[in-house]
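Here is a short briefing on one protein model.

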Amino acid sequence: MTKLNIINYLFLILLNSAVFEVSCDKTSSKTISTSTITYPNISLNCDFEKDFCNWNNYTFSNSFFWKRSKANELLDINGPLPDHTLQSLDGHYVYIQSNSNQQSNKATSIRSAPFTVLYTTTSCFSFWYHMYGQAINTLNVKIENLKSNKFSNIWSKKTSQGNAWRLGQITVQNSAGNYRYVLEGIVNGNLVGDIAVDDIVVTSGDCDLQKYCDFESKDICDFFNSHLGIFNWTRKNGSKTTNGTGPSFDHTTFTNSGYYMNIESSSPRREGDNAILVSPSYSYSVSATRCIQIWYHAYGSDVGTLNVFKLEKSGVQGNYEKLFSISGDQGNEWHVTQINFYAKAYQDFNIVIEGIVDGKGDISIDDFEIRDKKCQPIGDCDFEEDTCAWKNAEKDADFEWIRNRGSTPSSFSGPSVDHTLGTSRGTYLFIETSSQSKQGSKALMVSPVFDRFTQRCFEFYYHMKGSSSTLSIIRKGFRSYLNDTVVWKDTSSNKDEWQQALVSLPNNFSSNYILIIEGKINGTNSGDIA
């Protein structure tokens with residue numbers, strides 16, 4: 001604090017400690033309470049790149065408290081790799097981590113510096129959070145009234161939210177007084193899981209409309225069913241759809257307690273009936289191409305159609321532009337679509353999601369997101385930020401592909417650097433074969449859905465140091481009579497280097513398809529595959 005700030009701060013305290021009157025004609029006397037403290041106006045924003053800013057640990061218990069770290073220092077696959085601010089392995093965030101020595105429902109908090117509200121004020125408290133792993137219990141945001149010493153819980157998120165950074169924001173209205181924000185993390189012992197927080201920002205006014213929805217809250221992020229539909233999309237969790245059609249879990253949490261939006265084809269629905277879900281209205285101040293990402297599940301013998309439109313408002317009418325459409329069975333998996341669209345400056349628009357039934361088959365959607373940048377080409381990924389549109393298979397796999405940096409845990413097997421950056425800070429996917437003793441165990445990485453009418457070349461780099469493992473690329477269609485086709489395989493490589501592979505994918509397949517990267521263990525002394 002500078003000398004000038006110290007003088008101002010002392011002046012504020014002296015001023016608030018005084019009782020004085022101002023009298024002029026009809027002006028009545030005004031008294032300021034001697035018990036009021038006016039705190040200096042300081043920023044509560046923090047990206048945690050240098051320190052904790054104006055935040056500090058509030059509770060300590062058995063070394064369980066919020067720590068500031070970066071991915072290069074966090075040896076835990078459940079924590080985020082890049083931070084949110086820099087999207088870099090060198091970027092920092094704060095986190096808590098569960099371990100086997102902790103009790104269930106163990107909580108710890110960080111709190112902001114105290115601040116003063118002079119009159120009733122609306123502000124937006126926003127932050128990015130990462131909650132991943134079986135041990136995740138709850139992340140709470142509270143506000144503490146320093147006069148009454150009472151806490152109000154203003155935001156809460158429970159269970160694992162997937163291996164991704166997500167935006168949390170709350171519009172807060174405070175009357176005059178002194179307050180402090182508190183972030184509380186709760187984990188369960190004897191399981192693994194991390195909660196991380198980054199990029200806390202407090203601004204005046206209401207929060208902007210959030211462009212992400214996981215449908216976990218009952219208000220479904222202000223999406224609504226249009227009266228133009230024959231029936232409605234419904235919010236469901238677990239396996240509560242017609243037997244053999246809908247998903248068993250949501251995409252956000254991958255649990256039967258997580259929610260998604262669903263249309264069901266069973267009676268009284270008839271072929272051709274449609275349900276129309278409309279997003280809130282969005283608007284941008286700059287014209288540009290943006291990206292919509294939607295996870296969907298379309299499974300059954302006669303799945304109907306999923307359409308996505310942009311509705312551009314103009315007076316009382318609107319212009320519809322079809323952005324995406326799929327029909328038919330897409331397999332018992334959650335898939336992602338990423339759609340580029342153009343948004344004009346100061347032109348309101350909505351995203352409209354239409355589901356049409358056709359026989360026996362349900363359609364579900366989850367994790368809707370509008371990103372302020374173009375989509376990556378479908379299937380492209382360097383794994384530096386996340387796994388893009390690739391994911392571990394939901395069934396038929398014995399273990400998972402893991403995102404890693406530096407050397408793998410096994411000695412004399414995996415790479416020490418990635419291929420993208422060529423350094424130990426770069427990230428890549430790998431399978432840790434030493435933890436799998438069963439011969440024939442396999443890990444499956446699933447691509448987004450590719451259109452059958454487009455010819456492609458699939459290029460990737462791989463590393464196979466060790467022995468007795470097989471790396472295969474499998475093309476899988478969604479029709480029952482189609483067999484999985486191995487389009488590339490390597491069983492013989494034992495080189496400590498990244499090798500290039502090129503796979504031609506002609507446009508002669510009879511259905512849309514996915515690619516599966518299969519890592520398989522052939523013996524007891526298998527080497528890692530990356």
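Among contacts between residues at least 6 apart in sequence, 79% join residues at least 24 apart. The model is predicted. It holds one helix and 31 strands. Buried residues make up 49% of the 530 residues.

**Sheet with E2, E3, E11, E6 and E9**

- Five strands form an open sheet in the order E2-E3-E11-E6-E9, with antiparallel pairing.
- Its edge strands are E2 (67-70) and E9 (166-174), and each of them pairs on one side only.
- Neighbouring strands in this sheet are turned by 40 degrees against each other on average, direction ignored.
- Four bridges connect E2 with E3 (residues 92-97), and the two strands pair in the antiparallel sense.
- Within that pairing, Lys 70 has His 92 in E3 as its bridge partner.
- Strands of a sheet pair through backbone hydrogen bonds, in either a parallel or an antiparallel sense.

**Sheet with E23, E26, E31, E28 and E29**

- A five-strand open sheet has the order E23-E26-E31-E28-E29, and its pairing is antiparallel.
- E23 (391-392) and E29 (485-490) each have a single partner strand, so one side of each is left without a neighbour in the sheet.
- E28 (residues 469-477) runs antiparallel to E29, and five bridges join the two.
- Arg 475 has Thr 485 in E29 as its bridge partner.

**The E27-E30 pair**

- E27 (residues 456-462) pairs with E30 in the antiparallel sense over seven bridges.
- Tyr 461 stands opposite Gln 500 in E30.
- Side chains alternate along E30 (residues 499-505).
- Gln 499, Ala 501, Val 503 and Leu 505 point to one face and are buried.

**Nonpolar cores**

- The largest nonpolar core has 41 residues.
- Trp 233, Ile 365 and Phe 368 touch the most other members of this core.
- Domain 2 (220-371) and domain 3 (391-529) each give at least three residues to this core.
- Apart from this core lies another, of 31 residues, among them Val 94, Phe 125, Ile 195 and Ile 200.
- Which residues does Phe 368 contact, leaving aside its neighbours within four places in sequence? They include Lys 211, Tyr 212, Cys 213, Phe 215 and Phe 223. Tyr 282, Ile 292, Gln 293, Ile 294, Ile 351 and Ile 353 are also in contact with Phe 368.

**Loop between E12 and E13**

- Asp 222 sits in the loop between E12 (212-213) and E13 (224-225).
- Phi of Asp 222 is near 70 degrees, a positive value in a residue other than glycine.
- Glu 216 lies in the loop between E12 and E13.
- Is Glu 216 buried or exposed? Its relative accessible area is 18%, and buried means under 20%, so Glu 216 counts as buried.
- Leaving aside neighbours within four places in sequence, Glu 216 is in contact with residues including Lys 157, Arg 235, Asp 250 and Thr 252. Its contacts also include Thr 253, Ser 257, Gly 258 and Tyr 259.
- Glu 216 and Lys 157 are 59 residues apart in sequence, with 9.1 Å between their C-alpha atoms.

**Loop between E14 and E15**

- Phe 254 is in the loop between E14 (234-237) and E15 (259-263).
- Phi of Phe 254 is near 55 degrees, which is positive in a residue other than glycine.
- Most residues other than glycine have a negative phi.
- With a relative accessible area of 40%, Phe 254 is partly exposed.

**Loop between E24 and E25**

- Thr 408 belongs to the loop between E24 (402-405) and E25 (427-430).
- Thr 408 counts as buried, at 7% relative accessibility.
- Not counting residues up to four places away in sequence, Thr 408 touches Ser 413, Gly 414, Pro 415, Tyr 428, Phe 430, Glu 432 and Asp 528.
- Thr 408 and Glu 432 are 24 residues apart along the chain, and their C-alpha atoms are separated by 7.5 Å.

Note on methods:
Residues numbered from 1 in each chain as written. Predicted model: local features only at pLDDT ≥ 70, side-chain atom pairs only at ≥ 80, totals over all residues. Heavy atoms only, no water. Pairing = 2+ DSSP bridges. Axes fitted to C-alpha atoms, helices over the stretch in contact; angles between N-to-C directions. Core = buried A, V, L, I, M, F, W, Y, C linked by side-chain atoms within 4.5 Å. Buried < 20%, exposed > 50% of the residue type's maximum accessible area, 1.4 Å probe, protein only. Domains from an automatic or database assignment. Contact = heavy atoms within 4.5 Å.
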